[in-house]
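This report concerns a single chain and how some of its parts pack. Please read it alongside the sequence and the coordinates.

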Amino acid sequence: MLQEESDLSLIIAQIVQKLKGSNLYAQLERQAWASLQRPEIKLESLKEDIKEFFKISGWEKKLQNAVYSELSVFPLPSHPAAPPEHLKEPLVYMRKAQGSWEKRILKSLNSMCTELSIPLARKRPVGEQKELLNKWNEMGTDEPDLSLFRPVYAPKDFLEVLINLRNPNYESGDSLSFRTHLGLIQVPLKVKDIPELKEFFVELGLTTGQLGIDDSTQVPPELFENEHVRIGQKVLTQQDSAAAQQYIRQGSPTALRAELWALILNISSHPEDILYYEQLKTNVIQHDLLVDSLIYKDVKLTASNDDYYFVFEDYLYQVLLCFSRDTSVLSHFAYNSASPPKSYIRGKLGLEEYAVFYPPNGVIPFHGFSMYVAPLCFLYHEPSKLYQIFREMYVRFFFRLHSISSHPSGIVSLCLLFETLLQTYLPQLFYHLREIGAQPLRISFKWMVRAFSGYLATDQLLLLWDRILGYNSLEILAVLAAAVFAFRAVNLMEVTSLAAAEAVLADLSTLKVSPGEGQIQLFAPDSVLVITF
């Protein structure tokens with residue numbers, strides 16, 4: 001009991017400290033001073049009167065949403081004496097593996113610099129600055145020569161690192177279990193079993209209505225949809241982040257999704273936010289970074305060739321180039337197992353006082369990175385708002401998909417959860433694919449590392465991301481990946497090679513199956529995906 005109280009006090013103190021540096025704190029302070037001029041504020045009951053004023057004026061709700069937002073990303077409480085690296089990742093072998101992986105990425109980046117004789121960063125000449133500013137909204141028409149540039153790494157390179165991940169203490173102990181040997185991921189992490197998943201994703205059960213789905217509830221679909229929309233409008237009126245997060249677990253109405261996501265992520269369009277975005281834009285205009293070419297190359301290779309997203313090419317450049325300059329992103333490394341890479345001023349190698357983070361946000365883009373942004377372009381058409389939403393989605397969720405960690409939403413745990421579900425539920429299929437050299441994870445990894453972006457139709461993908469936000473977890477990605485294999489099980493049992501298995505699972509937008517009891521399911525009437533157990 002005393003430990004719980006101590007943990008709570010520590011969390012409260014840290015959240016208060018975090019909020020003190022926010023715009024909201026400054027706004028609350030100004031409102032408090034302004035309220036002193038109001039006749040209903042009495043000196044003898046000053047504290048209570050100001051509290052009441054905040055409640056009536058809506059500022060209390062904004063404060064609650066800010067606290068709830070911090071709690072959503074807050075790392076689990078640990079011992080006060082725990083070192084900072086323990087907060088980032090408690091397992092030493094995971095930290096070492098992540099460190100080694102970062103060195104490989106930097107080696108690849110530095111090799112490219114050397115081969116192409118291109119600096120990591122340079123100030124643009126005035127003429128080039130004016131040209132870029134003039135074509136800021138038409139960058140997709142620019143065709144720079146990117147033939148010599150290559151992605152720093154692709155998901156398949158990252159998968160090979162995860163496959164070779166081992167816990168030295170576990171390896172030196174008793175022999176591994178038979179089940180562990182079957183999968184590619186061979187680290188002993190705790191992942192949810194079927195009963196735990198059913199309890200966690202209870203709102204996705206067959207007896208609960210899902211927006212746009214003809215499920216087994218007794219309520220006619222059109223009545224459920226009308227009622228669901230009415231409740232969503234009420235949630236938005238009340239501006240309650242916690243209520244919005246609970247509501248969105250059953251799917252969001254298309255017309256309300258943009259506002260609901262912004263409410264859950266505690267994003268609002270203040271003049272300061274727009275100004276901050278403009279400052280980032282100015283930094284892009286003034287300085288050219290090597291990672292800019294990597295961003296251009298990635299957009300050209302992925303989103304520009306996608307039937308859904310090619311029209312948003314300009315938005316993607318704007319958001320990703322600004323993102324690379326945003327030093328506020330560095331704060332998420334406090335709870336990310338990764339560390340931002342450093343660069344040194346020429347001639348000062350090794351001297352920490354001359355070190356800078358590179359890129360400024362500490363994130364080196366990889367092949368497919370732009371697909372984290374592309375689906376959001378359907379929801380937000382104002383660049384600064386689109387940028388804020390993406391940045392918050394990244395620091396809450398997406399960074400975990402390309403970092404080595406033991407977190408339940410980390411990519412290692414997702415891979416292990418996927419393999420465990422298949423081995424438990426469809427052992428014959430798993431064994432068959434393994435025997436023909438088509439390990440299921442080699443197929444599903446690219447889906448999970450990109451949160452299915454580019455693999456599902458956009459309306460399906462947004463319904464999936466509703467659940468990521470609603471449950472504040474990426475575990476739904478592993479469940480969906482397993483569900484896809486369950487749906488295609490009959491066809492997959494007939495394949496004899498990895499190429500044939502990949503061909504069976506090449507198009508995920510046409511999945512349709514009727515619900516039934518006792519199996520992992522994925523059903524998609526009207527091309528809408530919902531996972532049930």
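**Confidence**

The model is predicted. Its chain has a mean pLDDT of 82, with 80% of the residues at 70 or more. Residues 172–179 stay under 50 in pLDDT, and the model gives this stretch seven contacts beyond four places in sequence. Residues 512–533 also have pLDDT below 50, yet this stretch has 71 contacts in the model beyond near neighbours in sequence. Where pLDDT is low, the predicted coordinates should not be read in detail.

**Helix packing**

Two packed helices are described by the angle between their axes and the distance between the axes. The table lists two such pairs.

| Helix pair | Angle between axes | Axis distance |
|---|---|---|
| α8 (residues 155–163) and α21 (residues 440–449) | roughly 115° | within 10 Å |
| α16 (residues 290–301) and α17 (residues 313–325) | about 150° | 10 Å |

The crossing of α8 past α21 is right-handed. On the α8 side the contact is made by P155, F158, L159, E160, L162 and I163, and on the α21 side by L441, R442, F445 and V449. Sorted by class, the contact of α8 with α21 holds eight nonpolar and two charged residues, and no polar ones.

How are α16 and α17 oriented to each other? Angles over 145 degrees count as roughly antiparallel, and α16 and α17 are therefore roughly antiparallel to each other. α16 passes α17 in a crossing that is right-handed. From α16, the residues in contact are V291, D292, I295, Y296, V299 and K300; from α17 they are E313, L316, Y317, L320, L321, S324 and R325. This contact of α16 with α17 has eight nonpolar residues, four charged and one polar.

**Aromatic pairs**

Searching the whole structure gives 29 aromatic pairs. One of them joins F323 and Y394 in an edge-to-face arrangement, at 5.2 Å centre to centre and with 75° between the planes. F323 belongs to α17 and Y394 to α18 (residues 383–396), so this pair ties together parts that are 71 residues apart in sequence.

**Backbone features in loops**

The peptide bond from Y358 to P359 is cis, and its omega is near -10°. P359 sits in the loop between β4 (355–357) and α18. In another loop, between α6 (92–116) and β1 (121–123), lies S117. Phi of S117 is positive, near 55°, in a residue other than glycine.

Conventions:
Residues numbered from 1 in each chain as written. Predicted model: local features only at pLDDT ≥ 70, side-chain atom pairs only at ≥ 80, totals over all residues. Heavy atoms only, no water. Axes fitted to C-alpha atoms, helices over the stretch in contact; angles between N-to-C directions. Helix = DSSP H or I, 4+ residues; strand = E, 2+ residues; numbered from the N terminus. Left-handed = near helix turned anticlockwise from the far one by under 90°. Contact = heavy atoms within 4.5 Å. Nonpolar A, V, L, I, M, F, W, Y, C, P; charged D, E, K, R; others polar. pLDDT = per-residue confidence, 0-100. Parallel < 35°, antiparallel > 145°, perpendicular 65-115°, else oblique. Phe/Tyr/Trp six-rings, centres within 6.5 Å; stacked < 30°, edge-to-face > 60°.
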